[in-house]
Amino acid sequence: MKFVEKMKCLFHYYPKNASFSSFFNSFTTHQLTTLTAFPQDPQILLITLCSNGQLKEALIEMAAQGLEMKFEGYDMLLNACIKRRAFREGQRVHAHMIKSRYLPPLYLRNRLIIFYGKCDRLRDARNVLDEMPEKNVVSWTAMISAYSQRGSASQALDLFVQMLRSVTEPNEFTFATVLSSCTGTFGFELGRQIHSLIIKRTLDTHIFVGSSLLDMYAKAGRIHEAREVFESLPERDVVSCTAIISGYAQLGLDAEALELFRRLNLEGMTSNYVTNASVLTALSGLAALDLGKQVHNHVLRCNLPFCVVLQNSLIDMYSKCGNLIYSRRVFDSMPERTVISWNAMLVGYSKHGMGREVVELYELMRNENKIKPDSVTVLGVLSGCSHGGMEDVGLKIFDEMVNGKDGVEPDIEHYGCIVDLLGRAGRVEEAFEFIKKMPFEPTAALWGSLLGACRVHSNIDVGEFVGRRLLEIEPENAGNYVILSNLYASAGRWEDVRMVRDLMMKKAVKKDPGRSWIELDQTLHSFHASDRSHPRRQEVFAKLKELSIKLKEAGYVPDLSCVLHDVDEEQKERILLGHSEKLALTFGLISTSDRTPLRVIKNLRICVDCHNFAKFVSKIYLREVCLRDKNRFHHISKGICSCGDYW
């Protein structure tokens, strides 16, 4: 058929209101020549056009062929549309089937489901499935997969149950797909039942199914079950290895994630960007900077693709390891940034108490106007203002958010940031009144923030009310008992201290013990208060006594108010000297050469006395000291801390 005749066919195929002349004129001379240069069979022409990526020209050929279109042509066109996610073009292919009364075989109907799923048109995909006179396992699996990948977990699970009631048996790909939708309490219980079905069908050792199973258990916090599934796999690929490492890292089991990563590397595991991102998450929790640099170097040496996810993980790792210069270097070198990239950098500055840098970066984000701030962005900025002592700036940004400047609706977490901001600034009564006027019911976390401020600023009246309120809301939270007990202890109310501690024992509530660690030569050395388990404990305690004398001569005075026990002053001083931060810092001094920076991490909040102790160590030994607690960083140089003694 001549080219002009083909054009005439199109006038009948397309709606009259379509801008056909514009469509026709969009072809280049080369494309028009291509259409007229093929004397061969029309089906071969269509296949050739699809193979060359000339989808527009292929659609013209489809319209020209009309009722002569065959399976091969439709197949090539649908595959091209799936590859490009070309929704309008794929719709025309489907419409042509209907108008020409072509009855597509089962294979093409499955391709239509896959096509609509790829284009996020789940209703259209479901319509195709429901209208199919017969379905096979591919049909059901394709639709379940479309639901799962678009976050429609309940629809995926409902369809899977419907499939079980049909005559079609699920295969390993069906099970692997549906398990990704088994989230939440109901989803997890159904996932356990699916696990039973998998065992009955002896598919539990299949690599795809096993990876999905361990991922499901890990996301539900059942890491031991996930590990059992992993260890039972006869063979492992990068997906299963990454899933189990990621499971440990996401649950905060950082040391276990790192240990498993090392073991699997020795066994010859090949890692991808997701594996490395998960390992970086674990190293962030451990603040293992040297190991983090090794992973970064490994990524560079192996020429792994620097996708946004991996770069975001590097920003987070470097900031949590105390190296904001490297974080900003990665951030500035990114060819494209997502809102997560901005948030990671903002939160990094916030944790380091660099309020001015937080606000400057936030303004840069606003001015670029490429990525819109989200709820987490504003949380990071408000937190940065709180840690940086910039309460007026923080209150202004909060007011702008309430007035809808960035289009972010304030929620309970944002109100909690303001309570924390006012509390840190010593404006406890104002924070208390702010809570009373909130449009939300105060959460335990919000009351806990205010209770902490009452402890720091010795506001007994508000603190007692808040503490008792917290014991009603969260009777199993050990932290609430401890802070209230410490508040009473700071006021010398020892009877009330004993009452709170007796109540804590009665309810069998256990407090997480304070722990500090330091990384030396890629090994983490951990210490508890008055710890005598370390192999070099005698050296540590001998050096600690020497330090105590030397620092006192330089003006250090132990802050006995940090000891919340009813004992004499001499015993209080001994208790202070055994704090885990001091043990880790002392070990760092005796294990490293002069002028080497020291990085100590604490799982709880650093006390005032340990903070002062570190400042004197930095001044006398000319060491840079970095202390990281559960809330923020303290960078100490020549006896001066980046926090300005405000935290």
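This note takes up two parts of the predicted model, helix H26 and the pairing of helices H20 and H22.

1. The model is predicted, and local features need pLDDT of at least 70, side-chain atom pairs count only at pLDDT 80 or more, and totals for chains, interfaces and linings use all residues. Residues are numbered from 1 along each chain as its sequence is written, and side-chain values use heavy atoms, with hydrogens and water left out.

2. Helix H26 covers residues 412-424, and its 13 residues reach 18 Å from first C-alpha to last, close to the 18 Å expected at 1.5 Å a residue. Helices here are DSSP runs of H or I with at least four residues, numbered from the N terminus, and the expected span is 1.5 Å times one less than the number of residues.

3. Of the 13 residues in H26, 12 are buried (under 20% relative accessible area, with a 1.4 Å probe and protein chains only), among them His414, Asp420 and Arg424. The cover over these buried residues includes helices H24, H25, H27 and H28, where contact means heavy atoms within 4.5 Å.

4. After the helix comes Gly426, whose phi is positive, near 85°.

5. The axes of H20 (residues 308-320) and H22 (residues 339-351), as lines fitted to C-alpha atoms over the stretch in contact, come within 9 Å and cross at roughly 5°. The two helices are therefore roughly parallel, a term for angles under 35 degrees. Residues that meet across this pair include Ile315 in H20 and Met345 in H22.

Methods
Buried means under 20% relative accessible area, exposed over 50%, partly exposed in between (1.4 Å probe, protein chains only). Axes are lines fitted to C-alpha atoms, for helices over the stretch in contact, and angles run from 0 to 180 degrees between N-to-C directions. Angles under 35 degrees count as roughly parallel, over 145 as roughly antiparallel, 65 to 115 as roughly perpendicular and the rest as oblique.
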